[in-house]
Amino acid sequence: MEASKHIRIEEAYSMVKSIRVNCEGRKVVDVHSQIYGLTRSIIARMVLNRNYFASNSKEALEFKEIGTEYSHLLGVINLGDFIPYVGLLDIWGYKRRMMAARKRMDSIIEKIIQEHQEKTTGVSTDASINFVDVLLSLKNNKDYQHLSMDSIKALVIDMLAAGTESSAVTIEWALSEILLNPWVQEKAQQELDHVVGRERKVEEADLPQLKYLQSIVKETFRLHPPGPVLVPHESTQAVQVTGYDIPAKTRLLPSAGECMGNWARSFKVGKSTGSQSREVLKWQH
Ligand code: HEM
């Protein structure tokens, strides 16, 4: 995380700058695209060392297009997952689209991994090291000999898929709640003034002191978990849970919303401005 800190800083500042320029020119700012652009840029740079969102190359455009297709397909309800014969027919064509997107993504990732392998400079410096470099370097370690090229590709795709939408959607919800609750914005600004001041930019190192901001993020997670239903899990063997018999191969789709009590609809960040107050800390749980 420390090695990739500069990427998060550069991308966040560049987003803020672009919003400011648009505002000064009295142009409409598409906040949704800005936030998705931010998280996609950060993840693509951290994982692949590719700055796709500052580029209009053929590969960058294709990567962005596949990213949008992935985001869309992740959110659709595919009846075929629940009714097997409907799945075979693939009436809505989701399966076909998933396979096509997967194939296109696979060939881009394969090319990038090959390029990393061919790098003659050897191990990267701390500032440029990325997830693919780390995985490739593990292959030389005898404990990770089993790490195949397919596993590396799968891990890379996993990071890209899991790390982009989750953060973007959380930021978007947090901003929406702050807009709907102006007193929350006021208190967050007071805290920023108190902890950071107006003479410098916010840094990652400030985060532990920004308790009220943390409680906004946690309340956003409670009310708007990025995936209301978590990724499916399957029991590998028959077990008993609190007296119930669960057969092997039972698929579990935990409801994050229920677990986090998001039936309580109001956005309840700590009521006191004192960032260290008990009331604020109470909301961190
Ligand atoms: C708002 C931010 C995020 C939230 C709320 C979140 C939440 C989750 C949850 C609930 C799971 C499933 C755990 C399980 O049931 O097994 C998960 C899996 C995962 N997350 Fe995140 N995550 C976030 C951001 C990220 C980021 C930024 C990355 C990568 C840089 C990431 C990478 C992963 C990976 C690789 C998995 C495993 C997926 C798999 O099992 O195939 N996540 N995340």
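**Notebook: loops, a helix pair and a ligand shell**

I started at R26, which sits in the loop between α1 (5–24) and α2 (31–48). The model is a predicted one, and I kept that in mind for each entry below.

I looked up the backbone of R26 and found a positive phi of about 50°, although R26 is not a glycine.

Next I went to K249, in the loop between β3 (244–246) and β4 (251–252). Here too I noted a positive phi in a residue other than glycine, with a value near 65°.

I found P208 between α8 (182–195) and α9 (211–223). P208 has 9 C-beta neighbours inside 10 Å and therefore counts as exposed. I also checked P208 against H146: the two are 62 residues apart in sequence, and their C-alpha atoms are 39 Å apart in space.

I turned to a helix pair. Two packed helices are described by the angle between their axes and the distance between the axes. For α5 (residues 94–118) and α6 (residues 131–138) I read an angle of about 65° and an axis distance of 10 Å. The crossing of α5 past α6 is right-handed.

Which residues meet between α5 and α6? On the α5 side I listed I112, I113, H116 and Q117, and on the α6 side V132, D133 and L136. Sorted by class, this contact holds four nonpolar, two polar and one charged residues.

Last, I looked at the ligand. I wrote down the residues around the ligand: I43, D158, M159, A162, G163, S166, S167, T170, P226, L230 and V231. Which helix gives the most to this shell? It is α7 (residues 149–180), with seven residues. By class I recorded six nonpolar, four polar and one charged residues in the shell around the ligand.

To close the page, I set the loop entries side by side.

Methods
Residues numbered from 1 in each chain as written. Predicted model: local features only at pLDDT ≥ 70, side-chain atom pairs only at ≥ 80, totals over all residues. Helix = DSSP H or I, 4+ residues; strand = E, 2+ residues; numbered from the N terminus. Buried ≥ 20, exposed ≤ 12 C-beta atoms within 10 Å, placed from the backbone. Axes fitted to C-alpha atoms, helices over the stretch in contact; angles between N-to-C directions. Left-handed = near helix turned anticlockwise from the far one by under 90°. Contact = placed C-beta atoms within 7 Å. Nonpolar A, V, L, I, M, F, W, Y, C, P; charged D, E, K, R; others polar. Near = placed C-beta within 6 Å.
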